[in-house]
Amino acid sequence: MAVQRRPAGARRVAALAVLASAGLVGGSVSAVTAARAAAEPISDTTQAGADIPNAKAIAGGVEGLDPRLAAAYAAAANDASAAGVTLWITSGYRTPAEQEALWEDGLQTYGSPEAARRWVLPPSESTHVTGQAIDVGPREGAQWLEDNGSHWGLCRMYDNEWWHFELATAPDTACPLRLPDASDR
Ligand SMILES: [Zn+2]
């Protein structure tokens, strides 16, 4: 059922057009990927479970995201770049199968569904699977997005995940109060 896992072609094209205009797609992707690999090893324990980069996320970044989220992120990333701040997506859209693998990993790592849910949700509940969440890095870029993201409606959602952002408010409106972690959702 590959069709169901992909956004409509027109939506994808629109999102990519926004990103192309922001200079976020094209030849620089491999350089960005290489820089990120050097800066943020996969084994980074601060992002255990929920944020294991996979090949698809590294290659795509914004592919499969809700077009509104993709556009908001593109605009924010443009301003971050202009301000000299490094910002990238470490994980965006995930297929149900990818999320299931992360969930299974989380169960193994944390020992129970209750403990795992603080860091990773099953496919039926994850906003990554619906294309409505992004994980960003590096830490400095995430902090910049936390401080400035509400201009585009982008909000950090959880106390324990400095990297996880969603489109959660109207532009230039205060973000909702953060939840302690994803298990409170
Ligand atoms: Zn996330």
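**Labels and their cut-offs**

Biologist: Why is aspartate 135 called buried?

Modeller: Aspartate 135 has a relative accessible area of 1%. Buried means under 20%, exposed means over 50%, and partly exposed sits in between, with a 1.4 Å probe and protein chains only, so aspartate 135 counts as buried. Histidine 128 gets that label because its value is 4%.

Biologist: What should I keep in mind about the model itself?

Modeller: It's a predicted model: local features need pLDDT of at least 70, side-chain atom pairs count only at pLDDT 80 or more, and totals for chains, interfaces and linings use all residues. Residues are numbered from 1 along each chain as its sequence is written, and side-chain values use heavy atoms, with hydrogens and water left out.

Biologist: How do you know that His128, Asp135 and His164 coordinate the zinc ion?

Modeller: Their donor atoms, NE2 of His128, OD of Asp135 and ND1 of His164, sit at 2.0 to 2.1 Å. Donors are N, O and S atoms within 2.8 Å of the metal (3.2 Å for Na, K and Ca), so these atoms qualify. Water is not among the atoms, so sites may look incomplete. Along the sequence, the donor residues are spaced H-x6-D-x28-H.

Biologist: What makes tryptophan 119 and tryptophan 163 a stacked pair?

Modeller: Their rings are 6.5 Å apart centre to centre, with 20° between the planes. Rings of Phe, Tyr and Trp (its six-membered ring) pair if their centres lie within 6.5 Å; planes under 30 degrees apart count as stacked, over 60 as edge-to-face, and the rest as tilted. The 20° therefore makes this pair stacked. Both tryptophans are buried, and Trp119 and Trp163 belong to one aromatic cluster with Tyr110 and Trp162.

Biologist: Why do strand 3 and strand 4 count as paired?

Modeller: They share four bridges in the antiparallel sense. Two strands pair if DSSP finds at least two bridges between them, so strands 3 and 4 pass. Strands are DSSP runs (E, at least two residues) and helices are too (H or I, at least four), numbered from the N terminus. Leucine 154 stands opposite leucine 167 in strand 4. The open sheet has four strands in the order 1-2-4-3, with antiparallel pairing.

Biologist: Which strands are the edges?

Modeller: Strand 1 (88–91) and strand 3 (154–158), each pairing on one side only.
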